[in-house]
Amino acid sequence: MDRRSRVKPRMSRVTLAVFLFVLSLQLADTTTENDPYSILGVRRTASQAEIKRAYKNLAKEWHPDKNKDPNAEDMFIKISKSYEILSNEERRSNFDRYGQMDEKQTAGHSHHHGFNGFHNSFYFDESFFHFPRSRDFTDSKYLLHYTQFLSDILPDSHKRPYLIKVTSEWCFACIHIEPVWKEVVQELEPLGVGIGIVDLGSERRLSSHLGAHRAPSIIGLLNGRVTFFHQAVVREYLRQFIEDLLPTKLVEKITDDNYVEFLAGWQIENKPNVLLFDQVPQVPLIYKLTAFTFRAYVRFGFVDQGHKRSAQLLRQFSVNTYAPSMLLFKENTNKPVDIIQARGMKRQIMDEFVSNNKFLQVPRLVNQQLFDELCPVKQFHRRRKYCVLLITGEEQDFIAGNKAFLEFASANTKDVLRFAYVYQRHQQPLCQALLPNQAALSPQVVILERRSQAGKVLFRSMSSGWNGSEEDKHRLHEQLELLQNDPAYLTSDATLPELNNEMAPMLLIQWMYAAYDYILKIYDDLLYSNWREMMPILSLIFSALFILFGTVIIQAFSEPAENKPRKPKPKEQPQAEADASSRASTSSRPPRKDFVEVTELTDITYTSNLVKLRPGHINVVLVLTNASKTALLRKYAKEVFSFSGTQTLHFSFLNADKHRHWMPSLVRSAYEAAQGEGHSDDDEESADYSGHVLALNGHKKYFCLFRPVFTGDDSSSEASSSSSSRRKSRSRSRSSSHSRSRSHSREDGAVPKKSSSRATSIEVHHKLDRLGLWMERLMEGTLPRLRVPAWPSLCTES
């Protein structure tokens with residue numbers, strides 16, 4: 001009995017030891033899972049560089065888009081959370097002292113860590129049961145809608161960048177990035193960054209417009225261009241993402257070596273200059289954002305007060321090194337016109353400081369936008385603004401007068417007066433509207449008041465011009481005093497044209513910028529986009545490849561034409577019927593369009609279209625009369641239309657009634673050159689050349705002749721309209737065979753003989769039936785060529 005009693009306590013102690021051992025192992029595993037050092041695989045004494053290096057490697061390995069492991073998303077969230085704790089010295093110190101993953105818990109609650117760790121290991125995710133989580137009330141003011149985005153956000157993105165989060169009600173990963181997102185919003189919104197939230201479920205149209213098809217996604221919007229954030233959702237990365245969106249040359253680094261050149265740039269840029277003095281080596285983000293907002297009006301420079309080459313700048317402008325300072329310079333580069341200094345420089349203070357000094361004391365009107373802002377249209381009597389405009393030049397002779405005008409403007413800084421100047425050479429339409437009778441490049445001062453957006457102004461100019469003398473200043477001062485006492489002092493009116501944009505970049509530069517943005521967008525899409533975004537591009541590429549290789553394969557495997565079985569030829573029809581059907585089809589076939597450029601050969605066009613025609617070019621000339629002009633030109637256009645695309649062919653017509661002797665002279669000249677015998681002039685003069693077509697080579701002095709084809713004799717032409725169609729067909733066949741025999745005799749090289757005059761008015765539209773076949777032989781070069789020693793002159797018959 002005693003032995004049994006001793007064994008039982010011993011077994012109880014063993015069981016308790018095993019239980020404690022198992023519990024310690026479980027607690028150790030739980031602690032390891034929640035230990036950011038273990039998750040990142042670094043020592044507790046690791047430096048920030050080692051932590052950052054380990055995080056980058058693990059984030060690249062466990063990114064859900066690259067790692068197909070089912071636990072990749074959970075592991076990636078743990079890695080991001082661990083880096084978020086260890087990258088912040090305060091959070092890291094809290095974890096080292098209290099072992100807390102959540103920085104919001106204080107040291108007084110550290111004794112609950114064991115229970116919290118147990119509870120966290122059984123974390124209840126409400127999205128598992130598809131219970132929609134309640135949206136934070138602060139998110140409602142950032143929610144974007146499609147119409148609001150197009151009307152407000154998109155135009156405003158040309159003044160400041162936007163950070164937009166794409167989320168969803170059923171997104172588990174969106175819950176984990178929420179703390180980081182809130183911190184980033186609290187940090188960047190006061191700096192001037194726009195914040196937006198897009199619900200993927202309720203704003204499908206807007207998310208599709210942005211190209212965001214999954215949640216969570218973070219988007220940067222600047223100048224209307226969408227850029228996706230592809231790194232881990234960490235505050236430092238999001239801040240750097242906003243800085244990378246901004247242009248690189250917004251703010252120029254200024255030292256003792258380049259500050260004189262920078263301040264003197266107001267003459268070329270036509271803008272005031274702002275210098276920010278601060279102790280940090282890098283340009284603050286708040287200053288970059290301000291520079292982006294006012295980049296169209298002001299130039300920005302940054303001076304590092306701790307740099308060794310900034311001592312002269314600090315001494316010259318007496319800058320206090322204990323707080324950031326902003327100095328604004330206009331035409332006087334030796335003394336700033338305004339200064340602000342504050343330890344905590346706020347964005348609202350900087351905007352008001354720059355906005356009150358957007359323009360020079362006497363800016364140059366370089367575009368219509370600047371003119372509209374300097375000289376606004378009158379709305380109410382108390383808001384009346386007068387613009388004092390100096391019309392001058394940029395040459396050396398005008399410098400003295402321009403400086404005198406600047407001195408006068410600096411001494412008369414009234415709110416109702418705005419001083420500006422234009423270069424007459426760059427804004428000639430404006431100067432001609434204000435001074436229509438003024439001599440070129442003569443300086444003049446014009447006082448004007450704008451009355452409408454359409455350009456209507458009332459103005460008055462100084463009668464004696466402007467040379468900058470004291471007398472001119474006194475006279476201008478008197479006129480301004482009279483104007484303020486009597487607004488009707490402006491007696492002239494005019495409508496001003498829109499100003500030329502002198503600062504507009506060249507078209508080539510604009511094209512290069514657009515091409516660079518397009519290439520950058522394609523690169524970004526190829527590198528990061530999902531398949532849904534890539535489908536249009538891939539579809540286009542595969543379609544092109546399919547068409548290309550499909551054509552090659554079809555040509556490679558297609559049978560040669562010689563191996564294809566030939567269709568049996570139909571039974572040969574009589575020649576007369578074939579000619580008749582060919583002629584009918586030719587004459588009845590409509591052209592694809594009814595326009596062929598046909599030039600009339602006259603005394604003016606004869607030399608250029610024939611005598612001095614370029615080598616290798618041929619002029620195809622139709623001979624016609626007043627009676628047959630309409631019918632022959634219509635038929636001529638149909639027959640030669642298919643050849644009108646040839647660059648070496650020109651088409652003309654010659655009126656035989658106006659130039660009766662030219663055709664007989666040409667035929668006689670060709671006859672004499674071929675046979676050397678005389679020819680009857682009376683026969684040639686009486687011949688009817690209407691319907692003849694000549695292909696004239698002006699350079700080599702030869703021509704080819706087409707004689708009209710007669711489709712019937714006198715009896716057929718005089719037959720009544722009630723004659724049978726069979727008789728017309730037989731007569732047409734006989735005439736075609738007769739004309740074919742004559743055309744063969746001509747093509748064998750015979751010299752042209754006089755034409756028959758048997759054609760009646762009924763047969764005019766059939767004269768050019770065979771012109772298409774003749775044109776084909778002309779293009780083949782098989783027609784006989786008739787040479788002439790010289791082209792006869794073209795004289796108009798009285």
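Trainee: Is Y287 buried or exposed?
Mentor: Y287 counts as buried, at 0% relative accessibility. Buried means under 20% relative accessible area, exposed over 50% and partly exposed in between, with a 1.4 Å probe and protein chains only. This is a predicted model, in which local features need pLDDT of at least 70, side-chain atom pairs count only at pLDDT 80 or more, and totals for chains, interfaces and linings use all residues. Residues are numbered from 1 along each chain as its sequence is written, and side-chain values use heavy atoms, with hydrogens and water left out.

Trainee: How many aromatic pairs does the structure hold?
Mentor: The structure holds 16 aromatic pairs. Rings of Phe, Tyr and Trp (its six-membered ring) pair if their centres lie within 6.5 Å; planes under 30 degrees apart count as stacked, over 60 as edge-to-face and the rest as tilted.

Trainee: Why is the pair of Y287 and F300 edge-to-face?
Mentor: The planes of Y287 and F300 stand at 80 degrees, with the ring centres 5.7 Å apart, so the pair is edge-to-face. Y287 belongs to helix α13 (residues 285-293) and F300 to strand β7 (residues 299-304), so the pair ties together parts that are 13 residues apart in sequence. Helices (H or I, at least four residues) and strands (E, at least two) are DSSP runs, numbered from the N terminus.

Trainee: And F300, buried or exposed?
Mentor: F300 counts as buried, at 3% relative accessibility.

Trainee: What about Y606 and W662: which kind of aromatic pair do they form?
Mentor: Y606 and W662 form an edge-to-face pair, 6.4 Å centre to centre with 85 degrees between the planes. Y606 is in helix α23 and W662 in helix α25 (residues 662-675), so this pair ties together parts that are 56 residues apart in sequence. Both residues are buried.

Trainee: Changing topic, where is T605 found?
Mentor: T605 is in the loop between β15 (598-600) and α23 (606-611). This residue is buried, with a relative accessible area of 19%.

Trainee: Which residues is T605 in contact with, apart from its neighbours within four places in sequence?
Mentor: Those residues are T599 and E600, where contact means heavy atoms within 4.5 Å.

Trainee: What is the order of the strands in the open sheet of six?
Mentor: The order is β15-β17-β16-β18-β19-β20, with mixed pairing. The edge strands are β15 and β20 (786-787), each pairing on one side only. Two strands pair if DSSP finds at least two bridges between them.
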